[in-house]
2 protein chains.
Amino acid sequence: MARTGGAKDAGSAAWAPPAGDDDPVEAVLDLLRARGGRVTTSRRVLVTALFGGEDHRTAEALARAVQEVAPDVHLSTIYRNLEELEALGVVVHAHLGHGPATYHLASELHGHLVCEVCDATIEVPLAVFAALEAEARRRYGFVIDPRHFAVLGRCSSCAGATQERG
Amino acid sequence: MARTGGAKDAGSAAWAPPAGDDDPVEAVLDLLRARGGRVTTSRRVLVTALFGGEDHRTAEALARAVQEVAPDVHLSTIYRNLEELEALGVVVHAHLGHGPATYHLASELHGHLVCEVCDATIEVPLAVFAALEAEARRRYGFVIDPRHFAVLGRCSSCAGATQERG
DNA sequence: TTCGATGCAAATAGTTTGCATTCTA
DNA sequence: TAGAATGCAAACTATTTGCATCGAA
């Protein structure tokens with residue numbers, strides 16, 4: 001569990017899919033059952049979608065994906081299930097600037113740089129934040145969690161364009 | 001693609017109150033006039049409130065402050081004026097985690113560390129972000145703007161409490 | 001057969017917008 | 001007196017919640 005700069009886990013431990021050829025979807029569903037939860041169609045389809053598509057999807061995008069298979073699943077059910085999966089440590093959500101939160105598997109640890117101009121999102125290893133982490137800890141005893149909120153700014157092309165204008 | 005709102009004027013240069021004994025409120029109102037804008041009661045009172053009270057106030061808090069002097073000023077007017085003042089570079093807003101945005105004078109440059117547990121907000125000099133800035137620029141050519149979004153995490157006391165639990 | 005999960009509608013929070021009216025310059 | 005700014009209501013986005021019903025264990 002070596003963590004960048006010795007940071008501790010915030011929240012519940014991040015869950016990682018089992019190694020080997022076990023189906024990660026079933027593994028998550030087992031986790032749900034072990035908690036006294038029930039495995040419903042919407043949950044099975046949502047978890048499948050999470051492992052299947054791209055990460056950084058909003059609740060709405062996930063709902064659309066789920067509804068291709070199970071059209072009656074309501075958006076509020078998606079929210080409730082994402083909340084449950086987050087409590088289990090299977091998914092995390094991140095805020096990439098304004099707009100809706102995005103969800104991705106907790107096993108994919110990274111921070112985010114988001115361009116304020118063109119909305120480009122760069123996934124960055126947590127190591128990028130190591131120095132900030134050390135500095136915040138040294139000065140304030142503050143332990144940063146660089147995963148939850150993106151760091152905004154300007155991507156290389158937009159920063160260049162701005163610079164020219166002075 | 002997922003364009004949330006429009007990319008407005010990403011911000012003129014930060015405006016700083018004139019040195020010397022000029023009234024900074026009048027200086028801002030002059031700025032407004034110079035733009036072809038008009039100086040109304042709500043604007044005068046809002047700008048006065050911005051220079052008078054504490055920083056990091058939400059639109060709602062500012063509305064309450066304004067309404068103590070001018071009770072009829074509507075919240076939507078506050079939003080519209082804050083937007084105008086932001087375009088002029090007089091104020092900036094920051095998102096300190098979930099919840100409403102907070103506004104403060106652009107002349108007060110700093111970043112924010114916000115505790116996810118107890119909501120404590122630490123104003124930090126931008127120097128704290130220097131290493132992250134260098135790293136983001138070196139690796140990705142990305143120029144961070146550490147003022148707009150807070151960096152979340154755990155303050156010293158809440159981090160300590162977590163650590164004990166393991 | 002129980003109680004957890006769902007669908008739906010409605011509530012919520014924060015912010016924005018349309019429009020007729022008011023008031024500054 | 002032109003047109004910028006306002007008050008108000010309503011729309012809007014993202015998310016949460018109450019409640020009757022449904023269905024997994």
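**Close-up views of a predicted protein–DNA model**

**View 1. Interface between chains A and B.** Of the interface residues of chain B, 88% are interface residues in chain A as well, so the copies meet through the same surface; contact here means heavy atoms within 4.5 Å. The model is predicted, with local features requiring pLDDT of at least 70, side-chain atom pairs counted only at pLDDT 80 or more, and totals for chains, interfaces and linings using all residues. Residues are numbered from 1 along each chain as its sequence is written, chains are lettered from A and ligands numbered from 1 in the order in which they are written, and side-chain values use heavy atoms, without hydrogens and water.

**View 2. Relation of the two copies.** Chain B is superposed on chain A by a rotation of 180° with 0.0 Å of shift along its axis, at an RMSD of 0.1 Å. The two copies are thus related as by a two-fold rotation axis. The superposition is by least squares on the C-alpha atoms of residues with pLDDT of at least 70 in both copies.

**View 3. Surroundings of DNA strand D.** DNA strand D is surrounded by 22 residues, and the closest are Arg38(A), Arg38(B), Ser42(B), Arg43(B) and Thr77(B); a residue is near a strand if one of its heavy atoms lies within 4 Å of it. Sugar or phosphate accounts for 65% of the atoms of DNA strand D within 4 Å of the protein, and bases for the rest. The surface near DNA strand D comprises six nonpolar, nine polar and seven charged residues (Ala, Val, Leu, Ile, Met, Phe, Trp, Tyr, Cys and Pro count as nonpolar, Asp, Glu, Lys and Arg as charged, and the others, Gly among them, as polar).

**View 4. Phosphate contacts of DNA strand D.** For Thr40(B), a side-chain N or O atom is 2.8 Å from a phosphate oxygen of DNA strand D. Helix H4 (75-87) of chain A, together with helix H2 (41-52) and helix H4 (75-87) of chain B, are the elements that give two or more residues to the surface near DNA strand D; helices are DSSP runs (H or I, at least four residues), numbered from the N terminus.

**View 5. Surroundings of DNA strand C.** The residues around DNA strand C number 21, the closest being Ser42(A), Arg43(A), Thr77(A), Arg38(B) and Tyr79(B). A polar side-chain atom of Tyr79(B) lies 2.6 Å from a phosphate oxygen of DNA strand C.

Key:
Polar contact = N/O pair within 3.5 Å; in protein donor to acceptor, adjacent residues only side chain to side chain.
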